[in-house]
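Please read it alongside the sequence and the coordinates.

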Amino acid sequence: MKNVAKFLAIAVVFALIMAALPGATNAQGGGGIIIEATFGSGPNTFNPLFCNDTACSRIVSFLFPGLLGTDPDQQNIVKGVPEAMAQDWTISEDGRTVTFKLRQDRVWSDGTPITAKDFLFSWKVANDETTKSFLTFYTGLIESVEAPDDFTLVVTHKVASCNAVSQSSLPFVPSHLFAEVAPDKLNTLPYNINPNVTAGLYKFGEFRTGEQTSLLRDDAYPFEKAKTDGFIYKVVPDQTVLVEQFLAGETNFIDGAPVNRRSDVKAAADAGTVKAYDFAGNSWDYLALNFADPTNPQNGLDKNGNPIDQGKHPLFGDIKVRQAIAYAIDVDSIIKGAVFGEGTRMAANMIPTSWAVDKNLAPLPFDPEKSKALLAEAGWKPGPDGILTKDGVRFSFTLFTNQGNTRREAIGKIVKDSLAAVGIEVDFQLIDFNVLIERFRSQTYDAFILGWRNGYPDSPDQTQLFARTSDVVGSGSNFTSWSNPKVDDLMKKALSLPGCDQAERAKLYAEIQKIFQEELPYIPMFVINGQYAARSTVNGFDPRPNEPFWNIQTWTVSQ
Amino acid sequence: MVKYIARRIVQSIPTLFGITILTWIIMLAAPGGPTGALVLDPNLTPQQRERAAEVLGVNDPMPVQYIRWLIGNDWHWFLGPIDYNFRDRNNDGVPELGTDRGILRGDFGISFANNNRPVLPLFAERLGATLELGFSALLFGLILGVPIGITAAVLRGSPFDNATRVFAVVVNAVPIFWLGLILILIFGANLKILPMGGRCPVVLTGGCPPLYERLNYLLLPTIVLGAGGVAGYSRYLRASMLDVLGQDYMRTARSKGLAERVVWFAHGARNALIPLATFLGPAIAFVWGGAFVTETIFSWPGIGRLTLQSIVAQDYAMIMAVTVFSALATVIGYIISDVLYALIDPRIRFG
């Protein structure tokens, strides 16, 4: 027993010594440090040639100059942003070629001028598969990149597109460092995790894999310099811990706390310890309804571009039925139940922050009576068990969503209840994500709930989602087989409008949204709101949607 | 003994291959693939998705992918003209062969989920953290578990014995993630005496200090990861010790007039510890393989977290690398275990 007591005493002393060790401190210079935690694995490359996830993009955007700049208020690419390499550009008559005029006064931190060569190198990498770079995606869009001189870039796209400018944005890299490197060795360079030659607001500090990345103010930055001493991006893979660290002040900026914790962040905001900013985000959930016969999936068009008979879905082939379903679903309740109220309704197919969204188009109201009337008009009568029937067919279908996504599980449950109230029976099934993908790509489903995640700045073009050319069994994303030649025309016109006038394009997209809301290839639901929050010690925090750091150079962090 | 060890090593080779083939089949049989992450982008064309799959080489037939993983891709001449190797650097229709070396020549490929970085450095970067936490947890388990087990056996039926039994049941029943979160909330968020996860202080410059200056970061994860060991070792030791206490030589020792303490610890515990040697093999694999949940909760940058992320992202190359290393560690661990057992216990001979 004495031994046990001795042992316990040693253990207690040990614990006390541990507790007495200093915790994380950041006593640094005067401007303070921005500390953000990221959920997930964290960055693992800082070379823009290889960076392909949000974690490394966060760091890369602080270290490297970009071709284009955005206006946070317009949420779009604009000319004349001082920090952007391209100050001006012209688009050719045919809409395929963009000629960019580059800044001539930027240099890498080792003194080498930043020129068109540094952009051409990225294009070379994109065209070389041995580099294993995801830039290879650009070769699907861009036909050629040329540099008539050191400060002019001519980018020719495969097809005329008003997205030509945004789709030209290959990265600038210090190519003089890579000139002698074999293409298949580029992804093993020490530079990739220690980028010591950069040209951004911050310069590289330290990287500890899976733990943290630190950036230091770059005093050689030719534009307004950062006031903070640095930026630390730490990895906190557990979301509960991530939020707790922010609430405890171990971090001072948070991007997108999980929706079930937003109320805690807001409570802290009410108490004055943090500042929170909510906005309509880019990820949206929808309920897809199959228009075509799921027992015999067919492409939308044949090789010559002629429509193929795809049959009709026994339930959703009827436009009145689709409208009835839309009226029967209480999306506001879904937003409360599935995302704790942290969602913004969509009226049609555009996210609320897109410049192309039709602000005059209201979402369809929740109206079960109208829903019942439409179903009756379509010939569906209540059967003996209360479920609607028509010509001996019961109105019953299978609704899928991916297992493990609690938000979509909640949506599905409410949809099932809402539709039961108008006499529709839903067999709601949770299946593996990849099985679901195979199911919808093969177009052998009735209905499913899933989401899309739009980029920023948002491209309103949805050719991949709704054009008849994308209705390809096995690979296309128009898996509901929505077939509307007028919509195809409008999308094409809006994407290749000569001059690409934004207001004119917005009108065309507004027309598409009206048709979408009437024909309902998806029942649109909501975007999940984004949230940026900073501790009240962070001064200058004034975010815009998708642009939390647009004015980060003015931020200070008081200790 | 050398002959015995050599034979064990040779015997383990087919086991290792069996493990890799099984893992490979299970991995590729799972629906989806590493390009699954691309499906949520509404602007991606089917051609772009297809291209991503080609670049990753996941369109090849399953056996081709396995053999390429094993011995590289400079053997394709054997099959004559080929159309499933997409590494055509010059776009001239002639694929460059030999760019993959295969794991037998030390090339574990590139990690899709980690921006296509080579697997080995990614793995190596994480190893230190995992060994640090794994060994502390193992030590914690042994240092607490062994004395508790022995004492419980000596004081069989006492309140102490019962308390340790309850402790063992509770520890085994409590989910690790819950225990971890609760400890973080109590000591990090409320009492603010320990950091809320991480391995080193968060600093702009200066790097990670030596281990003895950041034991406070190690404490909670060690407790959470080692608690199971304390419970397990103490129960095991108790059983082993009880067995020993009933042996004739214990009675002999007592009859010689030795003090009880000497009997228990010099004669009893020493023999009771022998079966523990068999635990060392699995323990080494455990240390090496990392801890999925503990590393995630405590933001510990180790192999366990890397493995978990690789599985979620269906990152074939990384999953295979982790499997191979874990299998290797397990096999080596068991060989060491057997050798140790034979060395400690004179009743066992190398056969």
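Two strands are taken to pair if DSSP finds at least two bridges between them, and helices (H or I, at least four residues) and strands (E, at least two) are DSSP runs, numbered from the N terminus. With these terms, Arg208(A) stands opposite Gln212(A) in E9(A). The model is a predicted one, in which local features need pLDDT of at least 70 and side-chain atom pairs count only at pLDDT 80 or more, while totals for chains, interfaces and linings use all residues. Residues are numbered from 1 along each chain as its sequence is written, and chains are lettered from A and ligands numbered from 1 in the order in which they are written.

**Strands and sheets of chain A**

Strands pair in a sheet through backbone hydrogen bonds, either parallel or antiparallel. In chain A, four strands form an open antiparallel sheet in the order E4-E5-E7-E6. Strands E4 (86–91) and E6 (142–149) of chain A stand at its edges with a single partner strand each, so one side of each is left without a neighbour in the sheet. On average, and with direction ignored, neighbouring strands of this sheet are turned by 20° against each other. Within the sheet, E5(A) (residues 97–102) and E7(A) (residues 152–157) pair in the antiparallel sense over five bridges, and Lys101(A) stands opposite Thr152(A) in E7(A). Helix H3 (residues 116–126) of chain A lies across E5, E6 and E7 of chain A and runs at about 155° to E6(A); such angles run from 0 to 180 degrees between N-to-C directions, with axes fitted to C-alpha atoms, for helices over the stretch in contact.

Another open antiparallel sheet of chain A has three strands in the order E14-E15-E16, and its edge strands, E14 (381–382) and E16 (393–394) of chain A, each pair on one side only. Two bridges join E14(A) to the antiparallel strand E15(A) (residues 388–390), where Pro382(A) stands opposite Leu388(A).

| Strand pair | Bridges | Residues opposite each other |
|---|---|---|
| E5(A) and E7(A) | five bridges | Lys101(A) and Thr152(A) |
| E14(A) and E15(A) | two bridges | Pro382(A) and Leu388(A) |

Chain B has 13 helices and two strands, and buried residues make up 38% of its 351 residues. Two residues are in contact if their C-beta atoms, placed from the backbone, lie within 7 Å; of the contacts in chain B with a separation of 6 or more, 71% are between residues 24 or more positions apart.

Helices H4(B) and H12(B) pack at an angle of about 135°, with their axes 8 Å apart. They are therefore oblique to each other, given that angles under 35 degrees count as roughly parallel, over 145 as roughly antiparallel, 65 to 115 as roughly perpendicular and the rest as oblique. In this packing, Leu122(B), Arg126(B), Leu127(B) and Thr130(B) of H4(B) meet Ile303(B), Gly304(B) and Leu306(B) of H12(B).

Between the chains, 62 residues of chain B are in contact with 75 residues of chain A. Among the elements that give two or more residues to this side of chain B are helices H4 (119–154), H7 (215–245) and H12 (303–312) of chain B.

**Backbone details in chain A**

Most residues other than glycine have a negative phi, and most peptide bonds are trans. A cis peptide bond, with omega about -10°, joins Tyr456(A) and Pro457(A). Cys500(A) has a positive phi near 55°, and it counts as partly exposed with 18 C-beta neighbours inside 10 Å. Leu520(A) has a positive phi of about 55°, and this residue counts as buried with 24 C-beta neighbours inside 10 Å.

Notes. Buried ≥ 20, exposed ≤ 12 C-beta atoms within 10 Å, placed from the backbone.
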